[in-house]
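User: Could you go through this protein with me? I would like to learn how each label is decided.

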Amino acid sequence: MSHGHSHGGGGCRCAAEREEPPEQRGLAYGLYLRIDLERLQCLNESREGSGRGVFKPWEERTDRSKFVESDADEELLFNIPYKNIPQMSFDDTEREPDQTFSLNRDLTGELEYATKISRFSNVYHLSIHISKNFGADTTKVFYIGLRGEWTELRRHEVTICNYEASANPADHRVHQVTPQTHFIS
């Protein structure tokens with residue numbers, strides 16, 4: 001069944017290839033509920049706070065009333081906090097990112113981009129930098145879906161440990177060992 005784009009090296013997963021039924025598909029995109037929206041930051045947005053509106057339920061992905069548009073140029077930078085981790089700035093975008101995507105036009109919000117799983121386990125903060133678009137002066141984003149599993153952060157309780165300031169020889173008795181040398185030829 002043809003669905004209008006190339007898979008090249010297997011970069012996306014399409015609706016025709018999904019295992020979950022359509023009515024359950026949105027459940028996998030529930031990470032938006034774990035985002036600290038009060039501290040979410042979108043740099044270069046033309047309207048203050050509009051970047052928060054693109055993180056919404058799967059069922060609302062085609063709602064075009066909530067969107068973020070870039071201001072001075074086509075770049076947008078989302079800092080998505082799950083806990084207090086330093087934020088990125090545009091100066092940091094020169095570093096090599098953990099993941100790079102080549103975006104395709106997606107009017108229905110159904111394209112998925114596979115990530116390097118080893119880079120995104122135990123994520124507490126996520127930055128998404130959109131550096132270019134398809135040729136327009138500004139960039140508009142209507143939906144970003146974050147798919148994954150949430151696990152509660154576990155705090156390690158206080159551990160009581162005793163350390164020796166100096167070793168007590170009586171605690172570390174060593175039986176006399178006769179040194180032996182083995183030759184291998």
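Analyst: Happy to! Let us begin with contact, which means heavy atoms within 4.5 Å. By that rule Asn-44 touches Glu-69, Ser-70, Asp-71, Ala-72, Asp-73, Glu-75, Leu-76 and Phe-90, leaving aside residues up to four places away in sequence. Before we go on, note that this is a predicted model, where local features need pLDDT of at least 70, side-chain atom pairs count only at pLDDT 80 or more, and totals for chains, interfaces and linings use all residues. Residues are numbered from 1 along each chain as its sequence is written, and side-chain values use heavy atoms, with hydrogens and water left out.

User: What makes the approach of the Asn-44 side chain to the backbone oxygen of Glu-75 a polar contact?

Analyst: A polar contact is a pair of N or O atoms within 3.5 Å; within protein, one must be able to donate a hydrogen and the other to accept it, and residues adjacent in sequence count only if both atoms are side-chain atoms. The Asn-44 side chain reaches the backbone oxygen of Glu-75 at 2.7 Å, so the distance is within the 3.5 Å limit. Asn-44 itself sits in the loop between S2 and S3. Those strand names come from DSSP runs numbered from the N terminus: helices are H or I with at least four residues, strands are E with at least two.

User: Which backbone oxygens lie 3.0 Å from a polar atom of the Arg-61 side chain?

Analyst: One belongs to Trp-58, and another belongs to Thr-108. Thr-108 is also among the residues that Arg-61 touches, together with Lys-56, Gly-109, Glu-110 and Tyr-143, again not counting residues up to four places away in sequence.

User: How do you know that Arg-61 and Glu-110 form a salt bridge?

Analyst: A salt bridge needs a side-chain nitrogen of Lys or Arg within 4 Å of a carboxyl oxygen of Asp or Glu. For Arg-61 and Glu-110 the N to O distance is 3.2 Å, so the pair passes. Arg-61 lies in the loop between S2 and S3 and Glu-110 in the loop between S4 and strand S5 (112-113), so the pair ties together parts that are 49 residues apart in sequence. Glu-110 has 26% relative accessible area, so it is partly exposed.

User: How many salt bridges does a search of the whole structure find?

Analyst: The search finds 3. Another one joins Glu-112 and Arg-147 at 2.9 Å, N to O. Glu-112 lies in strand S5 and Arg-147 in the segment after strand S7 (140-141), so this pair ties together parts 35 residues apart in sequence. Glu-112 is buried because its relative accessible area is 9%, whereas Arg-147, at 35%, is partly exposed. Asp-36 and Arg-39 also form a salt bridge, with the closest N and O atoms 3.1 Å apart.

User: What makes S4 and S6 a pair of strands?

Analyst: Two strands pair if DSSP finds at least two bridges between them. Strand S4 (residues 76-81) and S6 have 6 bridges and run in the antiparallel sense, so they meet the rule. The open sheet has 3 strands in the order S2-S4-S6, with antiparallel pairing. Its edge strands are S2 and strand S6 (125-130), each pairing on one side only.

Terms used: Buried < 20%, exposed > 50% of the residue type's maximum accessible area, 1.4 Å probe, protein only.
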